[in-house]
Each structure stands twice: as C-alpha cells, then as structure tokens.
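The sequence and the coordinates are shown first, and the discussion follows.

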Amino acid sequence: MSLILFTNVHVLDVRHGRLQENHHVLVEGDTIREVSDRPLTSASARVINGGGRTLMPGLIDCHVHTTFSQTNLGLLAQTPNTTLALRALPILRGMLRRGFTTVRDAGGADYALKAALEDGMSGTVLGPRLFVSGPALSPTGGHGDFRPRSDRLQPVGCGCQRLASTRVVDGVDAVRLAVRELLQMGADQIKIMSSGGVASPTDPVNALGYSVEETRAIVDEAAARQTYVLAHAYTPEAIRRAVECGVRTIEHGNLIDAPTAKLMAEHDAYAVPTLITYEALARDGVRLGLGAESVAKIEQVRAAGLHSLEIFRAAGVKLAFGTDLLGASHNLQSEEFLIRAQVQTPAEVLRSATLIGAEVLGRSGRLGEVTPGAMADLLLVDGNPLQDLTCLAGQGEQIALVMQGGHIRVGSLAA
Ligand code: ZN
Ligand code: ZN
C-alpha cells in the first residue's frame, strides 16, 4: 500500500477550531494513519514538504447540482443524459479544484455518474466523491414540475415528466414505488419538494409541496433502506410539515422563523442554506436565460437569506454548507464561505463544510477531519482559514494541493 508523509504543515483541527502547528501526517492508501507533533519516519513513504502551509480536511458541499449546466431548468430538461453527463465534467473538475472532495447532489446526478467518478481513480473522470439523489421527487404543479402552464397539461407518464433532474409523482402508493425505484437504481438519499421554488415556472414560493401522508410514506421507505430524505422548503409551514414527518435536512430554509427553527433543533434536523445561488441569480439570472416567472421570485427569498442564518444559529440548528448553483454560476461556489462569515465565525463555517457535512452524509469519522482512520481527503492551503476564509475563495488559487482518498488530484509538492 502506498505511503505518503506530509511534513512541515499546520494541521487544521476543525472540531476544536485550532491550528496544530508543525505536525506530521502519514497517509496509507486511502486513509490517514497517523497525525503527530513529533517527526514520523517511514523509509518507504513519499515525503511531501508542506512548506508551512495549513493542512485541512477536504471540503463538503451538501447541496449542488453537478448536472445543471444551464440556468434555465426547463431547457435542461430537454437535454439528453449523455450530453448532461459530458457537460458535468468541467463542473465536477472545478469543484475539486476549489477543494470540494465530496458533494451531495440534490437532484440530477445518478448512480452512473457516481460510479464513473469512482472508477476515475484511474484519472479519466475527476471530481468530488458523489452522494446522489437521482431525480428529485415533486408533486404535480410543484417545484419539480416544468411543464408550461396550459389547459392541456401533458399527462404524467408520457415520458416528459421523467426528467433527469426531477420526477413528478403524486399519491402515497405512487411515491412509495418511486422511492423504491430510486433506491434500487442507486440513490444514496431521497430529495423531495416540500414547497414552491424559484427556478420552476408555475409554483409560488409559499405553496406547499408533498402532503403529510405522501411525505411520511417517502420518509418511511427511505428509512427502510437506512437512508433519509432531504427537502426543498422555504416557508415555516413547509419546513414544519417536512420536519414533523421525519425529513432530515431542510434545503434553503430562507423564510424560517424562530419557533420553526426551534422545532428543527428539537428534531435534530439540519439546515442547508444555499445563499450564494440567490446572489448569482439576481446578478446574472436574466442574462443566463432564467425565465421571467423565476426572476420575479428571486427577491422574495434572497432578502431573507442572511437573517435566516441568524435564526438557525440562535436556535442551535446544525448548519451544513450548500450552494445550489446553476449553469455558468458554478464558479461562485466558494463565495458562500464569505456570505456565511457575515454571521458565523470562521471556525463555525469550516465545521459546516467539513464535520457537519460528514454527519449529514452518515460518514462521521471517515470524512471531514484530519484524524487517524479518516479518508485521506486533504487540502494544503496558503493561509489560515480560521483567521480569514478568503484563502478558500475563488477557484482554489490558494489551495496548493488537493488529495482525495490518498490520490493527489491537484498540484504536486513532492520533495
Ligand atoms: Zn431547491
Ligand atoms: Zn437545489
């Protein structure tokens, strides 16, 4: 098994929010074997001199759409799968370059893409380790229903609703079957629409998505396979319904209020805010082809963004890191760090993008930290992110090396 020894690095302990100066880290195969303040010796190890940089865990983004290469999701829906997959390649590489070694795809990416990346240990297809949802499930007229408003609504089942990124399905028995199918096809978790949204044409933001009965059935089926449900939800009413039915992570949550945040904390539900996407849509949405119906809805949720972080934080809701970028905006992913830093401390923001992400994915101890036994997902960073998160911003310019599962993906500092 290959051995790599990092010397002359300051190890970022995200759990305690401190830098462990002048440490040594030994990687064996895909796993971190030893982290020590004393020099480690290994005759057969390849030595990487970190040059006094920060060695930190690879980042985790819990809300991305790796196959959303267009801003207009209606157009995206008409794109064949092979085209979608090929267009995802530069998006995936960009994420890895920015230090994201693991991402949860919140709708669109499927088992095939995940498997291609896992085979990619050979280096053909590079990107973050994927946790896929397959298509997000939506009720008729909900956030995943991209059919135009019409008095001749195309029927479900004609093929047109079986899009790569969403699937329209209604009724308790039908949603049960849909979840079983998605899990059979290799979904890691199930994504549902619990409220209206911005990027879809006919649903107001304050609309409710799946009913209590449907949501319970979906959660039930996911739990039967030891997995969980993530729900797109903006309003307190939608969030409350989802959480009371057992949904584990609330996506966006912009319009949260204090009582509902308290309920989330009591249920150990996670929030995955995605504030950068509203900035991106407000700045460039029209130019990038976002429909007029959608543009009108952006401001409703964007204005509440930062305040929602304060409410979640005050209630003690665990915040994971998410971005939800579309089309040409993917390169803004790391700006989310700077938005979060307006409300949270750098250590809290770093925990969101590492330890809490790992918890959401059910990979605590394996992902999101530099400790023995964890996967060797490591970044060498110029600067100390505990003092200033801008060293993680941009396109990874200050990230000198990205290691994923013991493989060097970006940079080479071998001595
Ligand atoms: Zn959403
Ligand atoms: Zn999304």
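A residue is called buried when its relative accessible area is under 20%, computed with a 1.4 Å probe on protein chains only. The model discussed here is predicted. Tyr234, at 2% relative accessibility, therefore counts as buried. Tyr278 is likewise buried, with a relative accessibility of 2%.

Across the whole structure, a search finds 4 aromatic pairs. In one of them, Tyr234 and Tyr278 have ring centres 6.3 Å apart and ring planes at 65 degrees, so the arrangement is edge-to-face. Tyr234 belongs to the loop between strand 11 and helix 6 (236-244), whereas Tyr278 is part of helix 8 (residues 275-284); the pair therefore ties together parts that lie 44 residues apart in sequence. Elsewhere, one aromatic cluster is formed by Phe100, Phe321 and Phe337.

**Charges over rings**

| Charged residue | Ring | Distance to ring centre |
|---|---|---|
| Lys114 | Phe131 | 5.2 Å |
| Arg248 | Tyr228 | 4.4 Å |

Which residues coordinate the zinc ion (ligand 1)? The donors are ND1 of His232 and NE2 of His252, at 2.0 to 2.1 Å. These two histidines link distant parts of the chain, 20 residues apart: His232 is in strand 11 (residues 229-233) and His252 in strand 12 (residues 249-252). His232 is buried, with a relative accessible area of 2%, and His252 is buried with a relative accessible area of 2%. The zinc ion (ligand 1) and the zinc ion (ligand 2) are separated by 3.7 Å.

Note on methods. Residues numbered from 1 in each chain as written. Chains lettered and ligands numbered in written order. Predicted model: local features only at pLDDT ≥ 70, side-chain atom pairs only at ≥ 80, totals over all residues. Heavy atoms only, no water. Donors = N, O, S within 2.8 Å, 3.2 Å for Na, K, Ca; no water. Helix = DSSP H or I, 4+ residues; strand = E, 2+ residues; numbered from the N terminus. Buried < 20%, exposed > 50% of the residue type's maximum accessible area, 1.4 Å probe, protein only. Phe/Tyr/Trp six-rings, centres within 6.5 Å; stacked < 30°, edge-to-face > 60°. Lys NZ or Arg CZ within 6 Å of the ring centre and 35° of its normal.
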